[in-house]
Amino acid sequence: MKLDNDLLIKAAIGENVERTPVWLMRQAGRILPEYRAIRNSLSGFKELVETPHLAAEVTIQPVDILDVDAAIIFSDILVVPEAMGLSYQMIEKKGPWFEKTIHTNEDVDSLVIPDVNDQLSYVMEAIRITKKELNGRVPLIGFAGAPWTIFSYMIEGQGSKTFSKAKKMLYTNPELAHNLLKKITLTTIKYLKAQISAGADVVQLFDSWAGILTHQQYIEFGIKYVNEICNAINEVPVTVFSKGAYFARKELGELKCNTIGLDWNMDIKKSRELIGPEKTLQGNLDPCVLYSDFKNIQKQTNEMLCKFGKNRHIANLGHGVYPDITPDKVICFIEAVKTYKN
Ligand code: CP3
C-alpha cells in the first residue's frame, strides 16, 4: 500500500526530504494516559501484548495524539526468548523476570527455533490490524532485540546493572555463547521476515546492552550476529541501534543496513565521520532534555537538527522516552522538528 507520509522511508534510503521525519523510541505506552487506561483494564502488560486489536490500538495512539511520522508496533523484545522456550513475566515496577535461565549446553539444546507465525502469531496479527487501521498514514516499524541483548536476558533472567553473568559466560564458555547467539540469530531473522510479510515497512534492532561489552567482545559476540541479520533482511530498510557502542561506530558503518541509531553520548559530527556518508543517522537528543522547559527543548532540538543536516537524518531521542515525561513536552520536541527551517 502506498504511504501518504513516507518521510521516514525516504530518509532511511537516502532520498531528499522536505523536512526531517521524527518519532520516539518507546513512544507506544509509558507516557500516554490513553495507554494507561487500556493497560489498567487488563491483567497486565502481557495481556496487552498478546491481544492484537488492543496492541494495534496502543500502537496508533502516538500517531493520533503526538502526530509522529511513524508507528512502532506495540510488543516487547522478550517475546523472542519466550517463543524459544523461556517464558517471562513482567513484574509491576520491577521489570521482566524469567523463571528458567540458560546455564549449560543442554539448556541451549533444549531451546527451539520456533515457527514464528505460530508461536508469535499475535504479533503478526497486531501488525496486520495496525496496517489496516493506519491505512497508509505513516510507516509501521517492526522490531526485535539484537542477539547480544536477548542473550543477556536469557542468561541473567532479569535486568541488571552490570550484566556480569552474561559477560561471565563470554569469558568462561565462549562456545556455549556462540551456540546460543546463533540460535537467537536464526530465530530473529525468521521473526523479522514474518513481521515484514505481515506489513512492517521498516525494522529496527535494539541492542540495548551493547555498551557494556569491550570493543573486541562487541565485534565477536555482538556485531557478528547483527551483521548476519542485516545480510538476511533485504526487503525493507533496517535500523541498528547499539546503545552505548560509541567505540564500534566504524564497524557499525560497515553493516549492510540503512540507518544507525545514535545515543546522546555519540557526538554527531564525529559519528558521521566514523560511520561514513552512506548511512542515515537516527537520534539523538538526551531524553532528559524533555524535563526542561519548552524554550530549552526547542533550542536543544534546533541545535541537534543543525548538526545533523537536512538529509539522511531521522530525529529521535538518544534512547527511549522516560515514563514520567509529560506528553506536552514530547509534542514540543516533535513540533520543534517539524517547524525547523534549514
Ligand atoms: O517503542 C515502543 O513504544 C514499542 C514497544 C516497546 C516496548 N518494549 C513496550 C514495553 C519496545 C520497542 C520495547 C523494547 C524493549 N523492551 C527493549 C529495547 C529498548 C530499550 O529501551 O533499550 C528492552 C531492553 C525491553 C525489555 C523490557 N520491557 C524492560 C526492561 C521493561 C521494564 C521496564 C520498562 O522499560 O518499562 C519492559 C516493559 C515494557 N515494554 C513496557 C512497555 C510499554 C512497560 C510495561 C507496562 O506497561 O507495564
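Q: How much space lies in the largest cavity?
A: The model is a predicted one, and its count of cavities of 30 Å³ or more comes to one. The space that lies in the largest cavity is about 40 Å³.

Q: Which elements each supply at least two residues of the lining of the largest cavity?
A: The lining includes Leu8, Ala12, Trp23, Ile141, Val202 and Gln204, and its residues divide into six nonpolar, four polar and no charged. The elements that each supply at least two of the lining residues are α1 (7-13) and β5 (202-207).

Q: Where does phenylalanine 163 lie, in the pair that links distant parts of the chain?
A: Tyrosine 153, with 10% relative accessibility, counts as buried, and phenylalanine 163 is buried with a relative accessible area of 0%. The two residues are ten residues apart, with tyrosine 153 in helix α9 (residues 147-156) and phenylalanine 163 in the loop between α9 and α10 (164-172).

Q: Which residue lies over the face of tyrosine 88?
A: Lysine 329 lies over the face of phenylalanine 294, at 5.5 Å from the ring centre. Over the face of tyrosine 88, at 4.3 Å from the ring centre, lies lysine 46.

Technical notes: Residues numbered from 1 in each chain as written. Predicted model: local features only at pLDDT ≥ 70, side-chain atom pairs only at ≥ 80, totals over all residues. Heavy atoms only, no water. Helix = DSSP H or I, 4+ residues; strand = E, 2+ residues; numbered from the N terminus. Buried < 20%, exposed > 50% of the residue type's maximum accessible area, 1.4 Å probe, protein only. Lys NZ or Arg CZ within 6 Å of the ring centre and 35° of its normal. 1 Å grid on protein atoms, 1.4 Å probe; cavity = no way out; pocket = protein on both sides within 12 Å on 5 of 7 lines; lining within 4 Å. Points joined across faces, edges and corners; volume = space filled by probe spheres on them. Nonpolar A, V, L, I, M, F, W, Y, C, P; charged D, E, K, R; others polar.
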